[in-house]
Amino acid sequence: MLFQNKKLKVRKIEKEDSYQLAKWLSKPSVLEFYEGRDNPFDLEKVKKDFYQQ
């Protein structure tokens with residue numbers, strides 16, 4: 001864990017997080033503030049943007 005403050009925890013992204021990220025980054029309410037509503041993420045885009053260096 002990188003940081004913890006009461007209920008908030010920050011940690012490095014893990015491979016197992018990819019499915020949850022794809023689900024989360026496909027929601028219009030999230031995309032409104034991240035990349036725009038018409039630019040949802042699928043699993044391949046998540047892997048490319050978050051896991052490839």
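In these legends, a residue is called buried when its relative accessible area is under 20%, exposed when that area is over 50%, and partly exposed in between, as found with a 1.4 Å probe and protein chains only. The views show a predicted model, in which local features need pLDDT of at least 70 and side-chain atom pairs count only at pLDDT 80 or more, while totals for chains, interfaces and linings use all residues. Residues are numbered from 1 along each chain as its sequence is written, and side-chain values use heavy atoms, with hydrogens and water left out.

**View 1**
Arg11, Glu14 and Asp17 are linked in a network of salt bridges, a salt bridge being a side-chain nitrogen of Lys or Arg within 4 Å of a carboxyl oxygen of Asp or Glu. Asp17 sits in the loop that runs between strand S2 (8–10) and helix H1 (18–24), where helices (H or I, at least four residues) and strands (E, at least two) are DSSP runs numbered from the N terminus. Asp17 counts as buried because its relative accessibility is 17%. Its side chain is joined to that of Arg11 by a polar contact of 2.9 Å, a term for a pair of N or O atoms within 3.5 Å, of which, within protein, one must be able to donate a hydrogen and the other to accept it, with residues adjacent in sequence counting only if both atoms are side-chain atoms. When neighbours within four places in sequence are left aside, Asp17 is in contact (heavy atoms within 4.5 Å) with Arg11, Lys12 and Tyr51. Arg11 also meets Glu14 in a salt bridge between their side chains, at 3.9 Å from N to O. Glu14, at 39% relative accessibility, is partly exposed, and Arg11, at 46%, is partly exposed as well.

Leu31 has its place in helix H2, and it counts as buried because its relative accessibility is 0%. Apart from neighbours within four places in sequence, Leu31 is in contact with Leu25, Ser26, Gly36, Arg37, Asn39, Pro40 and Phe41. Leu31 and Phe41 are 10 residues apart along the chain, and their C-alpha atoms are separated by 9.2 Å. Val30, with the neighbours within four places again left aside, is in contact with Trp24 and Leu25.

The structure holds four salt bridges, and one of them joins Glu32 to Arg37, with the closest N and O atoms 3.3 Å apart. Glu32 is partly exposed, with a relative accessible area of 43%, whereas Arg37 is exposed, with 53%. Another joins Glu35 to Lys45, and here the closest N and O atoms are 3.9 Å apart. Because Glu35 lies in the loop between H2 and H3 and Lys45 lies in helix H3, this pair ties together parts that are 10 residues apart in sequence. Glu35 is partly exposed, at 44% relative accessibility, and its phi is near 75°, a positive value in a residue other than glycine.

Leu2, Phe3, Leu8 and Val10 make a nonpolar surface patch of about 380 Å². Patches are made of residues with over 30% relative accessible area and no salt bridge, with like charges joined within 9 Å and nonpolar side chains (Val, Leu, Ile, Met, Phe, Trp, Tyr) within 5 Å. Phe3 lies in strand S1 (residues 3–5) and is partly exposed, at 42% relative accessibility. Lys6 is placed in the loop between S1 and S2, and its 76% relative accessibility makes it exposed. The phi of Lys6 is near 60°, which is a positive value in a residue other than glycine.

**View 1. Gln52 in the segment after H3.**
Gln52 lies in the segment that follows H3, and at 58% relative accessibility it counts as exposed. The C-alpha atoms of Gln52 and Asp42, which are 10 residues apart along the chain, are separated by 15 Å.

Methods: Accessible areas come from the Shrake-Rupley method with a 1.4 Å probe; for residues, only the protein chains shown count as cover.
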